[in-house]
Amino acid sequence: MKKITSLIASALLALAFGATTALAQKTEAPKATPAPAKAEAAKPAAKPAETKVELIDINSADKAALMTLKGVGDVTADKIIKMRGKTGYAGKDDLMKKKIVSEKVYADIKELIIAKQAMKDEPKKDDKKKDEKKPDVKK
């Protein structure tokens, strides 16, 4: 019986010693990372740099510029230029309305194009002066 008691005591000691060593290793293994400073935590996250894309004006762009658009090739670029006529496009969606490009192509390029309107010529200052100088002739 003394042998069994000794064996059990030895086993318990071995288990206790092993468990203590394992616990000690577990608590020491993960290293604490320093908490961020309060000043850093208060900073808003940096936004990625926004790149400004130069919109292509379908009322004035040349063929080479139009051909940089996805789905616009040689023939379509020529058609865009030909169909703009003297007055130009009223809106960028005219490309789709006038069936110059398909809905899919328009969906791909609509964020990259614009249809600027030409400014109407105002009368020149000289013209106003000429009108003012004319006397009214009544008969």
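**Close-up views of a predicted model**

**Figure 1. Buried residues of helix α4.** Helix α4, spanning residues 74–84 of this predicted model, contains the buried residues Thr76, Ala77, Ile80 and Arg84. Viewed along the axis of α4, these buried residues lie within an arc of 105 degrees, and therefore they line one face of the helix. An α-helix has 3.6 residues a turn, so positions three or four places apart point the same way. The cover over the buried residues of α4 includes α3 (63–66) and α5 (94–97).

**Figure 2. The outward face of α4 and the residue that follows the helix.** Val75 and Lys82 are exposed and belong to the face of α4 turned away from its buried side. After α4 comes Gly85, which has a positive phi, near 55 degrees.

**Figure 3. Gly73 in the loop between α3 and α4.** The loop that connects α3 and α4 includes Gly73. Gly73 has a relative accessible area of 28% and is thus classed as partly exposed. Between Gly73 and Lys63, 10 residues apart in sequence, the C-alpha to C-alpha distance is 9.2 Å.

**Figure 4. Asp57, a buried acidic residue in strand β1.** Strand β1 comprises residues 56–57 and includes Asp57. Although Asp57 is buried, no salt bridge is found for this residue. The backbone nitrogen of Lys116, by contrast, is reached by the side chain of Asp57 at 3.0 Å. When residues up to four places away in sequence are not counted, Asp57 touches Ile114, Ala115 and Lys116.

Figure 5. Ala115 is placed in the loop that runs between β2 (113–114) and α7 (125–133). Its relative accessibility is 14%, so Ala115 counts as buried. With neighbours within four places in sequence left aside, the contacts of Ala115 are Asp57, Ile58, Asn59, Tyr89, Gly91 and Lys92. Ser60 is 55 residues from Ala115 along the chain, and the C-alpha atoms of the two residues are separated by 8.5 Å.

Key. Residues are numbered from 1 along each chain as its sequence is written. This is a predicted model: local features need pLDDT of at least 70, side-chain atom pairs count only at pLDDT 80 or more; totals for chains, interfaces and linings use all residues. Side-chain values use heavy atoms; hydrogens and water are left out. Buried means under 20% relative accessible area, exposed over 50%, partly exposed in between (1.4 Å probe, protein chains only). Helices (H or I, at least four residues) and strands (E, at least two) are DSSP runs, numbered from the N terminus. The arc is that of the directions from the helix axis to the C-beta atoms. Contact means heavy atoms within 4.5 Å. Lys and Arg count as positive and Asp and Glu as negative; His and the chain ends are not counted. A salt bridge is a side-chain nitrogen of Lys or Arg within 4 Å of a carboxyl oxygen of Asp or Glu. A polar contact is a pair of N or O atoms within 3.5 Å; within protein, one must be able to donate a hydrogen and the other to accept it, and residues adjacent in sequence count only if both atoms are side-chain atoms.
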